[in-house]
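Please look over the sequence and the model shown here, and then read on for notes on its pockets and on one pair of strands.

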Amino acid sequence: MEVVLLTIFTPLLVSVISLFARAEKFKAWVVTLGAFVSALLATYVYTSIQPGVYSVSWIGSVGAEIAVRLDHFSLPMGVLVAWLIAAISLYSVKYMEGDYRPGWYWFFFGFFATSMLIIVYADNLWFLLVGWEGVGLASWALIGHWYRDEYDKWVGKEEKVFGVPYWWTPSKASLRAILTVRFGDSFFLVAIALFYAVTGTASLTALTHAGALKTLGVVPLLFFALGPFTKSAQFPFHEWLLTAMTGPTSVSALIHAATMVKAGVYVLIVTTPIFLLVPGAELYFWVVAVVGVATALVATIIALTAMEFKLVLAGSTAANLGIIAAAAGAAGLLGLHEHELLQGLLFFAFLHIVGHAVSKASLFMGFGAVIHEAGTRFIGEVGRLWRHMKITAVAMVLSMLSLVGIPPFVGYVTKDLALENVFEAGHMYHADWLAPALYLLLFITPIYGLRLVGLTFVHGKEPEEVHEAPVLMWLPYTALAVATLALGVYFAVAVKFPLTEALIAVALGFLTGFILYIWLPGVRSETLRPLWEFAYRRFYLPILYDGVFPLLYVWVSRFIYVVFDRGLFDGLYHSVIPGVVETLSNWARRLITGNLSLYVLYGVVGILITLLLLVLL
Amino acid sequence: MIELFAYLILALSIATVFVGRVEGRYVAAAASVALLLLSAYLGLPVGVVVAVAALALSLDWQMRAFGVALAFSATATALAAYVYYSKSPPVYGLIALALVTASVYGLLAMGRTRENVEGAMKYLVFSGVGKVFIVLGYVLAVSGWSQGLYLAVVGFMFELGIVPFHAWVVDAYALGTPRGAAALAAFSKVTALFVLLTIFRSLPGGGAVGLVTLIVALASMLVANVAGLTAKTLGRIMAWSSVAHMSYALAAVAIVWWLGEPKSAPSLFGISTSAADLAALVVVLEALSSGLAKAGVFGYLSTGFSDVMPPRRSVLNVLNVLSLLGLPPLLGFWPKLFLILLALSYPTSVGAFLVLWIVANSAAATPYYLRALRMVAEAPGPVADNVTSSYTAFVSTVLGLTMPLVAYILL
């Protein structure tokens, strides 16, 4: 228990220490050291500590405990998260060098790490909620890290679409993120409270056997799902993740690719066995699966048409989160009928968290180095970087091959295993529309990957002075790129090497992408332009989030202001009550006229009143 | 031991022969010292507090012939307190009441301006009417006439300035000399309250009379606090404050008159006491907190009357005003709290209603006290704190801070 708690809280401890240092280097290295200590401890926990639940009491009246669960999900996830944090921390030492806000960055980096590790290891839902809210807060702080809102930190260009600004500054993006996440969190909190109220426990382990859950309807499950949906940027809540790219690239790698957004789908996976007990769970699993597939398709199309390096990667992240969510939902659907297969199916979904995290962390760091060295965030403004950044180019190609699902990279193995769940669920429930949707997804994925690699490293406008990234930067992402291959081989041997018809869709997509962006670049179609525009504008969803919703909010707030604030409360407290009291006060005061006769009259009236009261009472 | 007071009064009467030759403040100061010693000798803490207040006023201001009036009024107050604590015959209290009325009249009118005389005259007339009712009522009550208590209560309503018998209070505070207003608050009202307590103890309580008194007292505090909200000058704010404070005090007595002793005796700082004693403590503390704080506020004014904005600042009177407001731990906080505890000792909806009413009234009064506070703290002139404001602020603070001890002594 103590070692696990040390694993979790070491990053927070060092981040607090960093607050007291003035030197930027000290802050960076002390947090990085803490991250590596945490990673080593997580490895020790994985290899040496007996699985089980360990807890100490916290707030007994609501069933809150500081409880950690060591099982086949949390142990590998802990290792993955802790080492990714350590690697990205090392990368950040160089990437954030000379930044104008090092204290803020390094504190929230450590704060985030601890919060994320709480989610990974927590067995108690209240304890989990602490980490859940912590990563939300850290995400807000780090997305808006560059609070001066310089142009080169934006997402989008300075243009308006239907009167709605289509660019996002770090400040605006961080607000967007926290508002979206908090929306889901409020439902998530209600759901946890309901679970506790119904079952009397908030322990994930105890809930797995809680018979009282049978009295719970499906609505609390849907409330619960809103937490992971918003946190993991599932459609239609994916917008915040795309604009979160205003943060430093190291933050994008850490929070918006490898860890925080994974928290949502991770919670969906670990809670699936619990929700199997709830009547109506089939609907819940369908919602999760369908939302996952929809997210994967929408986000893949966004990635295909995005014109910023990080936006492509963000779209790809949302797409893979969708795949994981769909796999978790499908595992639940299959588990309803074949309960003994559930853990295996969920493990397939879980594996893709690992596969995607390794690939995506490497890609974010690598393209962060590209943006750092080339000085632009737009695709097409710089090209042929193969000649200038050879190590980075090789690492990015390896990671991209993994991301888009080319065998034998880890991305292929884990994605295919996850999608097997979905294919199987579609087959079992006769959902014939699922397979074509998944084939389309698999077809498009390699195209956006090769587009990004082709237009960045192979073709395009060659810059004059671009150098390879410093060793402290390329070392982490190159190591992770190599790991994509090593892990792919390992999983293929240790778990399963899938060989399905899905590979044909991937191969066709790869071939198309290769022709369009590597072999014969520059092919354009004016006929497809409206479609491209529709996708490029992210299906015009930002108009809803940045135009319609704020407008409605303003209208509602004005209505409340006019009717309640000014009309009712101001009117009551500033006009009516003071007016009445002032009138009464003036009336009482003006009885004192100085006229002695009147005073005598008051006395007589007083005597009469008291006499009357005496008679009446 | 009451004859000692008689000697002092006799000595003061003789001293009136020399008032034309000696500045009255020296007579007042000497008499205050004598009263201080006498009170100490008799073990009368209220007498000590009152004697020092008179001494402070005499040190601060030239009193001319009215120094004797100041000495008489302080002596009368100490006598009334002594009568109550020594359980002497109430008739001595009535004598004290008569003595203080004549003295305070003189002090209110000592400026000899038209306003001073008008304020003093109204005090004299209505206070006189009140005394007539009190004496008549008391005589009838001890003679076995049940209506006597009612008459006495009406008399106290005049004397204390309870709404609707309050009109004179505003004019007396606003138009009388500030020294007179200070004496009115610190001596006249305190004397009247001690006489009220003496009669309260000596006459059997009548349920209906108690209820009527309570209703009038509750209505009175509301009217006073509402009227005070738009009062414009320091004198008038203090006048409405006085009406409210006297209403709180009368309400304490009326509750016990009406409901009698509760089933479970109230407890104060761990001391079990009777409701009657708790009500008496409320009255004494209300009298002292209101009287001392107002003596401090009026005692620093150098104007001819109080119906003005203060020309000079006072820092220490901020404490006095806050005490009147009832801010803990100042003296003025405790009688309100004890009144609430008294109401709560009756576990009925009536008790809850009384608590709500008292708290709402205290809250409603806040704006006008804060206005008074700004008047004294933000006046344009230099700081004009003197012995009176220093002493009263000190006593309001120290008595507040040591309230468990004070309650133990007075209960």
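## Pockets and a hairpin

In this predicted model, the second largest pocket lies between domain 1 (1-143) and domain 2 (144-536) of chain A, because both domains give residues to its lining.

**The second largest pocket**

- About 580 Å³ of space lies in the second largest pocket, and of the 24 residues that line this pocket, A:Val79, A:Leu80, A:Val354, A:Leu487 and A:Phe491 are the closest to its centre.
- Two or more lining residues come from each of helix H3 (74-95), helix H14 (342-374) and helix H18 (471-494) of chain A, and H18(A) gives the most, with nine residues.
- The lining of the second largest pocket has 23 nonpolar residues and one polar residue, with no charged residues.

**The largest pocket**

- The largest pocket has a volume of about 990 Å³, and among the 26 residues that line it, A:Leu304, A:Arg451, A:Tyr517, A:Val523 and A:Trp532 lie nearest its centre.
- Helix H12 (281-305), helix H17 (434-458), helix H19 (502-519) and helix H20 (529-536) of chain A each give two or more residues to this lining, of which the largest share, five residues, comes from H20(A).
- By class, the lining of the largest pocket holds 17 nonpolar, five polar and four charged residues.

**The strand pair**

- Strand S1 (residues 52-59) and strand S2 (residues 64-70) of chain A run antiparallel and are joined by seven bridges, with A:Gly52 standing opposite A:Leu70 in S2(A).
- These two strands form a hairpin with four residues between them, and A:Gly63 in the turn has a positive phi of about 75°.

Conventions:
Residues are numbered from 1 along each chain as its sequence is written. Chains are lettered from A and ligands numbered from 1 in the order in which they are written. This is a predicted model: local features need pLDDT of at least 70, side-chain atom pairs count only at pLDDT 80 or more; totals for chains, interfaces and linings use all residues. Side-chain values use heavy atoms; hydrogens and water are left out. Two strands pair if DSSP finds at least two bridges between them. On a 1 Å grid over the protein atoms alone, a cavity is a set of points where a 1.4 Å probe fits but cannot get out, and a pocket is an open set with protein on both sides within 12 Å along at least five of seven lines; lining residues have an atom within 4 Å of a point. Grid points are joined across faces, edges and corners, and a volume is the space filled by probe spheres set on the points. Ala, Val, Leu, Ile, Met, Phe, Trp, Tyr, Cys and Pro count as nonpolar, Asp, Glu, Lys and Arg as charged, and the others, Gly among them, as polar. Domain bounds come from an automatic or database domain assignment.
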